[in-house]
Amino acid sequence: MAASLPTSGHVKELVRNRARQGAPAGAATLQRFNQSTTSTTSIRLPLQFMMAGLLALFISAGWLVAQPDILAMSRYSPDAVAVTHLFVLGWLCSVVMGAVYQLVPVALEAKLYSERLARWQFIFHVVGFAGMVFMFKTWNMKWLGYFGTLLAIGVILFTYNVARTLLRVPKWNVVATGVASALGWLVFTVTAGLLLVAGQRGFAPMLQFNPIATMDAHAHLGAVGFFAMLIVGVSYKLVPMFTLSEMQNHRRASWSVMVLNVGLLGLFVGILLQKPWKLIFALAIIAALGLHSWELWAIIRARKRRSVDWGVTYFLTAIAMLLPLAILAIALCWPRLPSNEFTARLESVYGFLGFIGFMSFAILGMLYKISPFLIWFGIYSKHIGRAQVPALAEMYSERLQAIGFWTYLASLLVTVLAMLFASDTGVRVGCGLLALSLAVCALNVGKILSHYFRPKLTPLKITKPSTGL
């Protein structure tokens, strides 16, 4: 793992010392980790990806505030495609890749194959997505292909690194299946994107499908195949770990991953060929996500920790967003759905809720859980017994988490209504609320990161033994 975590022996020692030395208040959760000790150097890799992703997120939000009509444009206009790829590749992909380097080895109890490969991948990834965003905005297909190739090299390095890590897994489980499936869909998505660019430039005339259908199919490969699949697979490890619970039905969890794979393959072909039976496979995907939600509910009900913190609340709220998304998906896949202006608005709302309401909300929730643990172990674990260290809850503000949560929900509601009623002013207000929520998140992340750059250590208070007669 990029930043490995304490062994069970270290955890027991941390738990014993927690009350008097300031270890994390949720130290019982740490018993779910089973890795070696953390080094300060190793946490830099996931942090690099996460910081690059957050920067892309803030730029995306600012772009929408400055140009709210993007959400009212055709979803395949140059500006709309550019900001979408900044959001998807810059924010979602960057953070998810950093989290995978941190979490997959923990979840699967296998050491990351190569941190060096991951560092090279970071360079290819950042240069690739930044160049692609600029070329989409100027609609320069020639240079888009070049930067897309750089991104693809990064994806190949990422896939190879994680795949070699998966080969070290001592016992294959549903989490490993979900991660492996997500890797496969990621490669498929990037390949489809490069072929799409080649078709636009006339290099692959045999791939000339309907342009809108092709881009819709490509978008669903990435959104459902990589992001949703990874969220489903990894959540079967993270949610029990952070709520002190256990998976309740392994068969149900396995079926959710298998049906999601089958449904996505059928949906991709159905969208690409513009066939009415794509609705059947959309329903299969909805059924798979329903099984996933059912299992999460069972896990939450069986939890030993009765209170649910804000990080988990963010994540579970994101899962609840799947209900309106499912309704929109059924409506948009309906064979006799008329093609008009209102339908176009529904499609925009569908994409907005998928990327902002579901994926981003889920990832923000997990960031609030992962980043404090990551930095605490990287910076403070080696000082246990030598100095007094901050408690985990002291590294961030729960009040800011709550403000960010409700502001984020308000931004979703306002923006969706504004998009449905084609109100540029409403979209600007909604995006402004989103930017405010992200600013609050940035303050909290800055508070967490301050411990990385300026650790807060104080000498241990030594109590002299009583010498009274």
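A word on conventions: residues are numbered from 1 along each chain as its sequence is written. Since the model is predicted, local features need pLDDT of at least 70 and side-chain atom pairs count only at pLDDT 80 or more, while totals for chains, interfaces and linings use all residues, and side-chain values use heavy atoms, with hydrogens and water left out.

Let me start with the chain as a whole, which has 14 helices and two strands, where helices (H or I, at least four residues) and strands (E, at least two) are DSSP runs numbered from the N terminus. Of its 469 residues, 56% are buried; buried means under 20% relative accessible area, exposed means over 50%, and partly exposed lies in between, with a 1.4 Å probe and protein chains only. If we take contacts (heavy atoms within 4.5 Å) with a separation of 6 or more, 82% of them join residues 24 or more positions apart.

Turning to the aromatic residues, the structure holds 20 aromatic pairs. Rings of Phe, Tyr and Trp (its six-membered ring) pair if their centres lie within 6.5 Å, and planes under 30 degrees apart count as stacked, over 60 as edge-to-face and the rest as tilted. One of these pairs is F242 with F373, which is stacked, at 5.8 Å centre to centre and 20° between the planes. Because F242 lies in helix α7 (residues 211-243) and F373 in helix α12 (residues 341-379), the pair ties together parts that are 131 residues apart in sequence. F242 is buried at a relative accessible area of 4%, and F373 is buried at 6%. Elsewhere, ring pairs link W310, Y314, F361, Y368, F405, W406 and Y408 into a cluster.

Helix α7 also holds V232, which is buried with a relative accessible area of 2%. Not counting residues up to four places away in sequence, V232 touches S256, V257, L260, L289 and H292. The C-alpha atoms of V232 and I319 are separated by 9.8 Å, although these residues are 87 apart along the chain.

Finally, what is found in the loop between α6 (174-200) and α7? F209 has its place there, and at 34% relative accessibility F209 counts as partly exposed.
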